[in-house]
Amino acid sequence: MDSMDYFYELFRSLPRGGPGDTQSTRKAFGFLKNLPPEPRILDIGCGHGMQTIELAKLSMGTIIALDNYQPFLDILLKNAVRDGVEKRIILKNQSMLEMDFKNETFDVIWSEGALYFMGFQNGLKKCHELLKKKGYLGVTEAVFLQPSVPKLLQQFWDEGYPDIKDVPSNIALIQNEGYRLLNHFTLPQSSWTESYYVPMQQSINALKKKYPENTTALTMFSECEKEISMYQKYSDYYGYEFFIMQKQ
Ligand SMILES: C[S@@+](CC[C@H](N)C(=O)[O-])C[C@H]1O[C@@H](n2cnc3c(N)ncnc32)[C@H](O)[C@@H]1O
């Protein structure tokens, strides 16, 4: 097994694939007004689908849940059946880089912590094409929350996601790409800790016992622990911003 196998074993065991929480999904969805009774929704990089299932509960729409890792889609389906919303969720195993939907297909596009995989700006452009006139886009994106950040933290982001920006720069980008920003808010710290890093640390502790001598696995888990400790030290400096916008 290579390090990605251990990465996926860890991530399959988590409730979600990145920071976020149901309350924030609900809050963001609340800014969408005058939706059709059964909106067509696309959830890009849906992962385990915590937010997909919430979107199905918040609307009477049909949601295409798109991800390129089948085991996450399998987990999503199981949870959707548990919550009785599976009939309105269509699973699509496809890369977001290869989406082949017709232009102006969707009333709403959603992407929590995933649009950056195609480059945030590029993702905004692609969603603009896929949205109907006046369609809505809700996304979370990693942001710096302070005008300057400690050197060690800058280094960490330079290695992981050098494209990270502050909130005003993201707003300028959103407006330049032809959207009207309806609202934005920073995810609460609990969506990083309780919803994401606490279960991640618990799983890491269990997996370390499962693979006590396996350096490949242990190196992967210690990378994840490094990420957790960065957040413990520097959570005032970065976070996830929810941006809710409308195609102009
Ligand atoms: C940080 S997780 C977020 C998952 C989910 N939206 C959430 O908030 O829990 C990113 C997701 O994007 C998916 N992903 C990464 N690259 C992708 C690609 N090129 N096409 C489709 N999905 C991708 C991953 O499999 C993962 O499920």
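This is a predicted model: local features need pLDDT of at least 70, side-chain atom pairs count only at pLDDT 80 or more; totals for chains, interfaces and linings use all residues.

Residues are numbered from 1 along each chain as its sequence is written.

**Exercise 1. The overall fold**

Determine how many helices and strands the protein has, and why it is described as being as compact as a globular protein of its length.

Solution. 
- Step 1. Helices (H or I, at least four residues) and strands (E, at least two) are DSSP runs, numbered from the N terminus. The protein has nine helices and eight strands.
- Step 2. The radius of gyration is taken over C-alpha atoms, and the globule rule is 2.2 Å times the number of residues to the power 0.38. The radius is 18 Å, close to the 18 Å that the rule gives for 248 residues, so the protein is as compact as a globular protein of that length.
- Step 3. The C-alpha trace spans about 55 × 45 × 30 Å along its principal axes.
- Step 4. A residue is buried if 20 or more other C-beta atoms, placed from the backbone, lie within 10 Å of its own, exposed if 12 or fewer, and partly exposed in between. Of the 248 residues, 36% are buried.
- Step 5. Two residues are in contact if their C-beta atoms, placed from the backbone, lie within 7 Å. Among contacts between residues at least 6 apart in sequence, 77% join residues at least 24 apart.

**Exercise 2. The nonpolar core**

Identify which residues touch the most other members of the largest nonpolar core, and which strand gives the most to this core.

Solution. 
- Step 1. A nonpolar core is a set of buried Ala, Val, Leu, Ile, Met, Phe, Trp, Tyr and Cys residues joined through C-beta atoms within 7 Å. The largest one has 48 residues, and Leu42, Ala65, Leu76, Ile109 and Leu137 touch the most other members.
- Step 2. Strand 5 (residues 131-144) gives the most to this core, with seven residues. Eleven of the 14 residues of strand 5 are buried, and the strand is thus described as mostly covered.
- Step 3. Two strands pair if DSSP finds at least two bridges between them. Strand 4 and strand 5 pair in the parallel sense over six bridges, and Ile109 stands opposite Leu137 in strand 5.
- Step 4. Leaving aside neighbours within four places in sequence, Ile109 is in contact with Leu42, Ile44, Cys127, Leu130, Leu131 and Leu137.
- Step 5. A second, separate core has nine residues, among them Met200, Ile204, Ala217 and Phe221.

**Exercise 3. A covered helix**

Solution. 
- Step 1. Helix 3 (residues 50-58) has seven buried residues out of nine.

**Exercise 4. Positive phi angles**

Find where Glu104 and Lys134 lie, and what phi each has.

Solution. 
- Step 1. Most residues other than glycine have a negative phi.
- Step 2. Glu104 lies in the loop between strand 3 and strand 4, with phi near 55 degrees. Having 13 C-beta neighbours inside 10 Å, Glu104 counts as partly exposed.
- Step 3. Lys134 lies in strand 5, and its phi is about 65 degrees. Lys134 is exposed, with 11 other C-beta atoms within 10 Å.

**Exercise 5. The ligand**

Name the residues that come nearest to the ligand, and describe the shell by class.

Solution. 
- Step 1. A residue is near a molecule if its C-beta atom, placed from the backbone, lies within 6 Å of it. Of the 21 residues around the ligand, Arg16, Gly17, Gly18, Gly45 and Gly47 come nearest.
- Step 2. Ala, Val, Leu, Ile, Met, Phe, Trp, Tyr, Cys and Pro count as nonpolar, Asp, Glu, Lys and Arg as charged, and the others, Gly among them, as polar. The shell has eight nonpolar, ten polar and three charged residues.
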